[in-house]
Amino acid sequence: MSVKSSTVSGYPVTYFANPPIPEGTRPASVPSTISPSSALTTSPTELMTSLCLPIRFKVFVLEQNCTPESECDDLDCKSIHFVIWSKDDTPVPMATCRMIPYPEKGYAKVGRLAVLQEHRGKGLGRVGMTAVEAVARDELKVREILLHAQSDKRIFYERCGYVVDESKERWFEEGIEHIMMSKTM
């Protein structure tokens, strides 16, 4: 998969797969000059370090106190990553998430949904989930999406049509309680 784009509820969405992530990769330290149109000709690695990781770092490391080392893992290079942009004349990345495809098993797993604090309350989480579901259904042809939800985000995911798998125990990742949820496509 090359770099692709779509629009969900008027928001530009860029998505790309399998960025090679060198060990020790950290978020870019300078603001990105990438736009939704130039993203289509930008390498997946640059998109990952310039757009996705800075958002994830702010949300998970700075806000939720997760360890920086846990933020970029070996699943990133096997995932499809999504960037949700603002609708204005000078679009900026506002949210990101990733989807790990397991088409041979008939499902995909969503993770690392992160919306920058200053852009919350605009429906961007739902935009990200809608984009993920469209790619899972239309391109990957999977029948189910799984996710490990932070317990306090349960209501958000339920509003997106996900249900808790009550047969699974709750567990902690990085000191944050999680639950297993899924949605049949």
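1. In this predicted model, Lys87 lies over the face of Tyr11, at a distance of 4.4 Å from the centre of the ring. A charge is thus placed over an aromatic ring, since the NZ atom of Lys must be within 6 Å of the ring centre for this description to apply.

2. The next topic is contact between aromatic rings. A pair of aromatic rings is described by the distance of the centres and the angle of the planes. How many aromatic pairs does a search of the whole structure find? The search returns 4. Tyr102 is partly exposed, because its relative accessibility is 22% and the buried class ends under 20%.

3. Tyr157 and Tyr162 also form a pair. Their ring centres are 6.2 Å apart and their planes stand at 80°, so this pair is edge-to-face; the class requires an angle over 60 degrees. Are these two residues buried or exposed? Both Tyr157 and Tyr162 are buried. Together with Phe156, they make up one aromatic cluster.

4. The cysteines deserve a separate remark. A disulfide is a covalent bond between the sulfur atoms of two cysteines.

5. The largest pocket holds about 860 Å³ of space. Which residues are closest to its centre? Of the 36 residues in the lining, these are Phe60, Arg112, Leu113, Gln150 and Tyr157. Tyr157 is also a member of the aromatic cluster with Phe156 and Tyr162.

6. Several helices and strands supply at least two residues each to the lining of the largest pocket, including helix H2 (44-63), helix H4 (124-140), strand S5 (107-115) and strand S6 (144-150). Strand S5 gives the most, with 7 residues. By class, the lining comprises 15 nonpolar, 10 polar and 11 charged residues.

Note on methods
Residues numbered from 1 in each chain as written. Predicted model: local features only at pLDDT ≥ 70, side-chain atom pairs only at ≥ 80, totals over all residues. Heavy atoms only, no water. Phe/Tyr/Trp six-rings, centres within 6.5 Å; stacked < 30°, edge-to-face > 60°. Buried < 20%, exposed > 50% of the residue type's maximum accessible area, 1.4 Å probe, protein only. Lys NZ or Arg CZ within 6 Å of the ring centre and 35° of its normal. 1 Å grid on protein atoms, 1.4 Å probe; cavity = no way out; pocket = protein on both sides within 12 Å on 5 of 7 lines; lining within 4 Å. Points joined across faces, edges and corners; volume = space filled by probe spheres on them. Helix = DSSP H or I, 4+ residues; strand = E, 2+ residues; numbered from the N terminus. Nonpolar A, V, L, I, M, F, W, Y, C, P; charged D, E, K, R; others polar.
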